[in-house]
Structures are given as C-alpha cells and as structure tokens.
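Welcome! Please take a moment to look over the sequence and the model below, and then we can walk through the fold together.

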Amino acid sequence: MSLLDLEETATHTGPKGVINDWRRFKLESMDQENLPPAKRELLRQMSSPQKPKDDSKANLNRKMSVQEYELLKEEDEGCLKQYRRRCMQEMHDKLSIGPKFGGVHDLDSGETFLEIIEKEHHSTVVIVLIYKNGVKGCEQLNTCLDCLATEYPSVKFCRIDAVTSGAAERFSDEVLPTLLVYKAGELIGNFLACTQNLTEEFFATDVEAFLNSYGLLPEKELPGVEDEEENDVE
C-alpha cells in the first residue's frame, strides 16, 4: 500500500487531514438519494475527487472551496455531533489497552487468587473483595462491586470468601470486608475493614468515590456512538 493510499484510508489529524476526513464523513452521513443532482455531485467530489495521476496528493489536500463551505453549513448540527463522537470513540479505542471484563469474578481458592494477580495484563487494575457471609457490610459491598464492574469494564473485580481463601486466620471478622487492589502484580491498595471509611448506609457511588480518592480507578468508559445517537433521538 502506498503512502497516498494510507492517507486516504486513515483518520487524519491536522487541518488538512480533518477536512478530508470530514468530507468523507459528510458524504456517508447524508441521504444522497434525496439530494439535488448538483449537490450530490459536489459531495462526491468532496469525498473522493477524481485526481490526475501527477497531482493526486495535491488534490487530496486541496483547500475547502466556497461551495463546500456553504454546503457544510446546511443542517450540520446533528452531523457534526456524530462526527465528533466518532472521532472521540476512535481516539478512545486507540488509547484503551488490555482486556475487558464487565462482571465480578468469584474466586474459589487461594491458588486462583494468586493466579489472577500474577497473570493478569500489566495495565489492568485488579480489585479483590475478601468477605465472609454474615459479617456486617460484606453483602452490601458485594452489591456495590456488581454495579461498579459494569461501569468500569477495564477493571477486573473479584471476590473470595475468607474461609475459601485459606487465610481465615489473617482475615478475621474484625478486618472484613477487605479490599485489595493490584496492578502489574503489585499491591497498590490495602483497605482492611473498608466499610469503616463509608457511611452506615452506603452505595456504589460511595465506594467509587472512596477508590477514586486514592486514584485507583481509571477514567470511565466513553458511551458508544450508537448509544448516544439513540439518546438524541429520544
């Protein structure tokens, strides 16, 4: 593939690149069947101009014409929103690395616990809840993690019963529930009896704020382009 081919297929940056990318997006998003022939032809030229072989790169990077500018001003609010969302989503996808989860993983043994910590992707934050049935705050915190796991799919949320973990002596009822936070195999957060840092009746947003106060949660996932478009319609 030539350099020109790459430039034509990639999403560009910089003034010229943005104009070219916008030309293509405009063409794709408009209902061309219902456009006057002259406007349809202008859109076609904007998106995919017929370029002489000896000046193809210059034509691709040409300045926006007055006709194009007038066309872009027409009914562009919705189209601009879609274009901005698409660019944001593409940028987010490029920056997002590591696996996705979206739920809380139940660990059935101490060996599983260690395997999760040691083998997880180096960029992934792993949050482990150590709990015990019947201990105050454990059930409520379990419910909160279920909510947070859907909002932070790049974070691996896990839970393990203190007895199952084989460390019941170290994790007595007095220090439960405990939250342990790992990244790249290293312990970066250790919160014994963590509900003592919360109010008597706490919710997922309270747990989220507590973890964020230590900088342990990443930025939330961007809503998908399709989801936002549906919300706009509603």
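Two strands pair if DSSP finds at least two bridges between them. Helices (H or I, at least four residues) and strands (E, at least two) are themselves DSSP runs, numbered from the N terminus. This is a predicted model, in which local features need pLDDT of at least 70 and side-chain atom pairs count only at pLDDT 80 or more, while totals for chains, interfaces and linings use all residues. Residues are numbered from 1 along each chain as its sequence is written, and side-chain values use heavy atoms, with hydrogens and water left out.

**The chain as a whole**

The chain has ten helices and five strands. Of its 234 residues, 38% are buried; buried means under 20% relative accessible area, exposed over 50%, and partly exposed in between (1.4 Å probe, protein chains only). Contact means heavy atoms within 4.5 Å. Among contacts between residues at least 6 apart in sequence, 70% join residues at least 24 apart.

**How the strands pair**

Which strands does S2 join? The table gives its pairings, together with that of S1 and S3.

| Strands | Bridges | Sense |
|---|---|---|
| S2 (residues 125–131) and S4 (residues 178–183) | six bridges | antiparallel |
| S2 and S3 (residues 156–161) | six bridges | parallel |
| S1 (residues 104–106) and S3 | three bridges | parallel |

Valine 126 of S2 stands opposite tyrosine 182 in S4. On the S3 side, isoleucine 127 stands opposite phenylalanine 157, and isoleucine 130 has isoleucine 160 as its bridge partner. Phenylalanine 157 is also the bridge partner of valine 104.

S2 is mostly covered, with seven of its seven residues buried. Val125, Ile127, Leu129 and Tyr131 point one way from this strand, while Val126, Val128 and Ile130 point the other way. S3 is mostly covered too, with six of its six residues buried. Here Lys156, Cys158 and Ile160 point one way, and Phe157, Arg159 and Asp161 the other.

**A buried glutamate**

Is glutamate 208 buried or exposed? This residue is found in helix H9 (residues 204–213), and it counts as buried because its relative accessibility is 11%. Leaving aside neighbours within four places in sequence, glutamate 208 is in contact with Leu148, Glu151, Tyr152, Leu217 and Lys220.

**The cysteines**

How many disulfides does the structure hold? There are zero, a disulfide being a pair of cysteine sulfur atoms within 2.5 Å. For cysteine 147, the closest cysteine sulfur is in cysteine 144, at 6.5 Å, so the two are too far apart for a bond. Cysteine 194 is in no disulfide either, since the nearest cysteine sulfur, that of cysteine 138, is 8.1 Å away. Cysteine 147 is partly exposed at 35% relative accessibility, whereas cysteine 194 is buried, with a relative accessible area of 3%.
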